[in-house]
Amino acid sequence: MNILHISDIHYRCEYTAPANGYERMLGKMRDPLHLLTASLERALADNAVDLLVISGDLCDEGSVRDYQTLRTAIDTLTGGLPVVITPGNHDNKAALREGWLGEEASDAPYCIAWDCEQFSLLSFDSSSHGEPNGAIDARTLTWLADNLSARAEQPLLLLTHHHFDEKQAVIPALNPGRAFWALLEVYAPLAILNGHTHHHASGLVHDIPYHTADGMSFCGENLMDGRIRFEEKIGYNLYTIEDGRITCVKTETMSGGRVIDILRSEEHTSELQSHVMI
């Protein structure tokens, strides 16, 4: 089974007048649907795909209409492939539930289990709106423990938004606490899939394979002089699961070399820093 992993689309139908450096940068981007369309068309033309996962920040402070528009576009592009998502810190969960899922609006954590014959995928909500670094509370940890236990005999994947590796970005990685890692040590997931940094990465965290996807909107590069250069760069990861093992068979990054904006230190915010390479 092949899994296509994308992340951090930051979609809005319309971007607001800039109130800060981050909003100014967003307003200079090309329509994220243009980038998303180009990436998905290429990925699906070159690879057989059975499942699409999106690791958060589908929209950027999005409205119900934003989520509806994005969902329609993705369903059209993928021909109705199964899609599993997790929210990011820029996602409005009430609008996401109503616009993307067609559910009643709610700010409650969004955690779901997606099961198939070969494995189970647990979408674990690490986001807290307005908290760039993410948060895990008792509700989500209890949900994780219950769903890991219920699928103890099944190969497991964990989908989150936030990164766990301190080396990936300027801001600290999410520290989920000892109870989180103790659970994963017992149930040994095949891999953790995440986004948030807008830069692909692969490695191990607590001896668990760990894969981050590029963003679908922008990426930031630290110029080491108090400035951050934001570029138009997108990409995806492709995994295959066979015989209870996951392999990242492709990471493709696409860049036209377009610089969106360069922000100086006085314009930096924690939101910006979360997307910047050290």
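This note comments on the nonpolar cores and the salt bridges of a predicted model.

1. The largest nonpolar core comprises 30 residues, and those touching the most other members are Ile-6, Ile-9, Leu-36, Ile-54, Leu-70, Ile-74 and Trp-100. Two or more residues each come from β1 (2-6), α2 (32-46), β2 (51-54), α3 (64-78), β3 (83-85), α4 (93-99) and β11 (228-242). The greatest contribution, 5 residues, is that of α2.

2. Beyond its neighbours within four places in sequence, Ile-54 is in contact with Ile-6, Ser-7, Ile-9, Ile-74, Val-83, Val-84, Ile-85, Thr-86, Trp-100 and Leu-159.

3. The structure contains 16 salt bridges. In one of them, Asp-261 pairs with Arg-24, with 2.7 Å between the closest N and O atoms. This pair joins strand β12 (residues 245-263), which holds Asp-261, to helix α1 (residues 21-28), which holds Arg-24, across 237 residues. Asp-261 counts as buried because its relative accessibility, 7%, is under 20%; Arg-24, at 27%, is partly exposed.

4. Asp-261 also forms a salt bridge with Lys-28, at 3.5 Å from N to O. Since Lys-28 belongs to helix α1 and Asp-261 to strand β12, this pair ties together parts 233 residues apart in sequence. Lys-28 is partly exposed, at 39% relative accessibility.

5. A further salt bridge connects Asp-137 and Arg-139, whose closest N and O atoms are 3.1 Å apart. Here Asp-137 is partly exposed at 31%, whereas Arg-139 is exposed at 55%.

6. Salt bridges also link Arg-12, Glu-23 and Asp-60 in a network.

Notes:
Residues are numbered from 1 along each chain as its sequence is written. This is a predicted model: local features need pLDDT of at least 70, side-chain atom pairs count only at pLDDT 80 or more; totals for chains, interfaces and linings use all residues. Side-chain values use heavy atoms; hydrogens and water are left out. A nonpolar core is a set of buried Ala, Val, Leu, Ile, Met, Phe, Trp, Tyr and Cys residues joined through side-chain atoms within 4.5 Å. Buried means under 20% relative accessible area, exposed over 50%, partly exposed in between (1.4 Å probe, protein chains only). Helices (H or I, at least four residues) and strands (E, at least two) are DSSP runs, numbered from the N terminus. Contact means heavy atoms within 4.5 Å. A salt bridge is a side-chain nitrogen of Lys or Arg within 4 Å of a carboxyl oxygen of Asp or Glu.
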